[in-house]
Amino acid sequence: MKELFSNYSIDINDKQVNKFNKYYSLLIEWNKKINLTTITDYEDVIKKHFLDSVLLLKVLKKDLFTLKNIIDVGTGAGFPGVPLAIMLPDAKFTLVDSLNKRIQFLNEVIEILEIDNINLIHARAEELGGDANYREKYDICVSRAVAALPLLLEYCSPFIKKEGVLYMYKSVKVEEEIYSAENALSILNCSINKNILLSDENNFIRYILEIEKKEATPDKYPRKPGKAKKAPL
C-alpha cells in the first residue's frame, strides 16, 4: 500500500496503513449483509476506493485542510470521507448519508479504527441543507456520489460558506457534466476554478472539479426531496 500511495506522491505511515487494512476487513464483512460495494478484491479496493478518495492530497497541500470543517455528502461506504479523515487527523469531518444501515457500518468503522475526527449524520442532503445548524457551516464539501453535477451542486453547495470550496469527484464524461451544469452554477452562485485530471499508465482516470461558492445560496435551495431529480437546475 505504501508503494502504491507513494507512486501518486502521497505519504502514508504504518499507523495509517493499519487503519486502512482494518477498514478493508470491515468493508468486506459488512458487504455480506448490506450492499456497500461491488469492488471486493484487496488490491482493487486499495486503489479504486482508498487511493481514489485521497487523490486530492496529490494536488493540494495538506495544510489547506488543517483545522477545516469538511462535509462529505452521500458518503455511502465512507468514500471519500473516511480515507481523507485517516490522512488528515487535524481536519473535522461530517459524513452524511440517507441510508441508516450505511451509517451503522460507519459507526463501527470509526469505533474500531479509533477515528475521532468524524461525525456521522443519517439524513437526506435536501433536508439537512436547509437546517440552520448545517447550512453554510463548512469550509469544504467533498462528494464522490454517483449523481449528475447539477444535482450534486444543489445537494452540496448549501452546506459551504461563502468562498468555501466543493471538490466533486468525476469520471470521463466530466466535460458533458460541466456543460449541463452551467445553469445550476449560475443559480447557486458557484463557479468552477479547476478541472483536475489525475491518471496513470493503467488508464486509472479521475477528474476532480474544484468549485468555489461566490455568494450565499438562495433561500429556496435545496428544494424538497425528489424535486432536484425530477427537474434538475
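1. Let's start with K161. In this predicted model, K161 is partly exposed, at 33% relative accessibility. Its side chain meets that of D139 in a salt bridge, 3.1 Å from N to O. K161 sits in strand β5 (residues 160–170) and D139 in strand β4, so you have a link between distant parts of the chain, 22 residues apart. D139 itself counts as buried, with a relative accessibility of 19%; the cut-off for buried is under 20%.

2. Next, E136 and K213. These two form a salt bridge with the closest N and O atoms 2.8 Å apart. E136 is in the loop between α7 (125–128) and β4, while K213 belongs to strand β7 (residues 206–213), so the pair ties together parts that are 77 residues apart in sequence. Which of the two is buried? K213 is, at 0% relative accessibility. E136, on the other hand, is partly exposed, with a relative accessible area of 25%.

3. Then there's R144 with D52, another salt bridge, where the closest N and O atoms are 2.7 Å apart. R144 lies in the loop between β4 (138–143) and α8 (149–156), and D52 in helix α3 (residues 42–53), so this pair ties together parts that are 92 residues apart in sequence. Here R144 is buried at 17% relative accessible area, and D52 is buried too, at 1%.

4. On charges overall, side chains of opposite charge can pair when their charged atoms come close. How many salt bridges does the structure hold? There are 11. The protein has 33 positive and 33 negative side chains, and the centres of those two sets are 4 Å apart.

5. As for the fold, count 11 helices and 7 strands. The radius of gyration is 17 Å, close to the 17 Å that the globule rule gives for 233 residues, so the protein is as compact as a globular protein of that length.

6. Last, packing and surface. Of the 233 residues, 54% count as buried. Among contacts with a separation of 6 or more, 69% come from residues 24 or more positions apart. The accessible surface comes to about 11300 Å², and carbon and sulfur atoms hold 46% of that.

Terms used
Residues numbered from 1 in each chain as written. Predicted model: local features only at pLDDT ≥ 70, side-chain atom pairs only at ≥ 80, totals over all residues. Heavy atoms only, no water. Helix = DSSP H or I, 4+ residues; strand = E, 2+ residues; numbered from the N terminus. Rg over C-alpha atoms; globule rule 2.2 N^0.38 Å. Buried < 20%, exposed > 50% of the residue type's maximum accessible area, 1.4 Å probe, protein only. Contact = heavy atoms within 4.5 Å. Areas by Shrake-Rupley, 256 points an atom, 1.4 Å probe, with all protein chains shown as cover. Lys, Arg positive; Asp, Glu negative; His and termini not counted. Charge placed at Lys NZ, Arg CZ, Asp CG, Glu CD. Salt bridge = Lys/Arg side-chain N within 4 Å of Asp/Glu carboxyl O.
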